[in-house]
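Here's a quick tour of a model, with an eye on its charged pairs, its sheet and a helix contact. Have the viewer open as you read.

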Amino acid sequence: MMSQMPQQTALSRCPSCEEPLESGDRFCGACGYDLSAVPAPPGDHPTIAMNGGTPPPPDGAPAVPPRPPLAGSPQPPFAGSPMSPASGVRFDRAPEPDEYPLQAPDPRVTADVPTPPEGVKVCVACRAGRVDSDGYCENCGHAQPRERDHMEQDIGPVAAVSDRGLRHHRNEDAFGLGCAALPDGSAAVVAIVCDGVSSATRPDDASLAASRAATETLLAALPHGTHPQQAMHDAIIAASQAVNALAEEPATAREHAPHQNAPACTLVGAVVTSGLLVVGWIGDSRAYWVPVDRSAPPARLTEDDSWAAQMVAAGLMNEAEAYADERAHAITGWLGADAYELEPHTASFKPDRPGVVLVCTDGLWNYAEAAEEMAEVLPLDAAVRPLHSARVLVGHALDGGGHDNVTVAVVPFPAPPQGAGSA
């Protein structure tokens, strides 16, 4: 029966003799070839659709056309290497997302960050993360300012401010303040300022060691009746010994050996009592005197240990020419194991009127070198607001460019009648 005969795909020519055929022929009219015996063409199941089509299923598998994704529905996750649907070329990297996840938590998002316990240092950037021992926030990774980048201290009759400046990577200045009771019960106020020599090894350690040693020596000697000028001399000697000791530490030898130079710094200090003003120094840090009423001229109380000062003293240059020279700030005296010879300078004064003593590094006086310039910058109420005045002076140097570390102590004269005791 016709219904039981296998249905073949219509052929246009006989497979045996190539004779043209008509639709419905069961045998070739030319050679008698049984057309029902023609084998079915082999199945073609490509593994890659070259033009975006869907490969047919293998024999026996139902042909299920893929459903188009609904609008807005999520796409299946990527598995394996991506493939271009247009060409079938495989790439060996995953498609790049439109946005990348942050490698560290966003410092602005602190909802999930627990608040550190009270007393624990908190990050200055995100205000939530704890700061680790290396100085970095554990939440956002922000490096924290160093403790010495900006320092302020106010102990009543005297105040000081030190700042890293705008060009240096660290603050190599240091200061020390204190009050002591003299044997007669009156007060003595102490201020020490040190400037690390940047070309030396560990200048920041040198200035810190010197300022601490000098301050402690003065505060220990004055209550026992040592004359303030002698006490200042001894304090500079003690500071020198403290800086020299740094050169003996193995850490110093390891840092720059064999081409190291010893840690070094300059020093300037003042002791103010009820009727006496004593200054001491070595190097080019300075002390200035500014009367409170400004009716008398201000004055510089120290002479630099520097190339420029030597040229002026020898009469080879005037002061303007000497300090305009690029060698002007080459120091000829300093504290350190490689200093030529330690010659502490001290001087005592008995001012006839109230005033203010400014003890500072060259990071300040470079922007107000003459005593008149320094007096012009100093606020009129400096004697009663020493901390505010110190901030104003440091701000003046920063506004001028801040090329160096800036440190200044403001010490009113005379010392107050009470308030004795170390601070």
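## Arg 300 and its salt bridges

Arg 300 is partly exposed at 23% relative accessibility (buried is under 20% relative accessible area, exposed is over 50%, partly exposed is in between, with a 1.4 Å probe and protein chains only). Its side chain meets that of Asp 304 in a salt bridge, 3.9 Å from N to O, where a salt bridge is a side-chain nitrogen of Lys or Arg within 4 Å of a carboxyl oxygen of Asp or Glu. Asp 304, by contrast, is buried at 6%. Salt bridges with shared partners link Arg 286, Arg 300, Asp 304 and Glu 319 into one network.

A note on what you're looking at: this is a predicted model, with local features needing pLDDT of at least 70 and side-chain atom pairs counting only at pLDDT 80 or more, while totals for chains, interfaces and linings use all residues. Residues are numbered from 1 along each chain as its sequence is written, and side-chain values use heavy atoms, leaving out hydrogens and water.

## Another charged pair

The structure holds 13 salt bridges. One of them joins Arg 353 and Asp 293, at 3.9 Å from N to O. Arg 353 sits in the loop between S10 and S11 and Asp 293 in the loop between S7 and S8, so the pair ties together parts 60 residues apart in sequence. (Strands are DSSP E runs of at least two residues and helices are H or I runs of at least four, both numbered from the N terminus.)

## The sheet around S11

Six strands form an open, antiparallel sheet in the order S1-S2-S12-S11-S7-S8, where pairing takes at least two DSSP bridges between two strands. S1 and S8 are the edge strands, each pairing on one side only.

S11 has six of its six residues buried, so it is largely enclosed by the rest of the structure. Gly 355, Val 357 and Val 359 point one way, and Val 356, Leu 358 and Cys 360 the other. Six bridges join S11 to S7, with Val 290 opposite Val 356. On S12, Val 408 is the bridge partner of Cys 360.

## Two helices in contact

H1 (residues 203-221) and H2 (residues 228-247) pack at about 145°, axes 8 Å apart (axes are lines fitted to C-alpha atoms over the stretch in contact, and angles run from 0 to 180 degrees between N-to-C directions).
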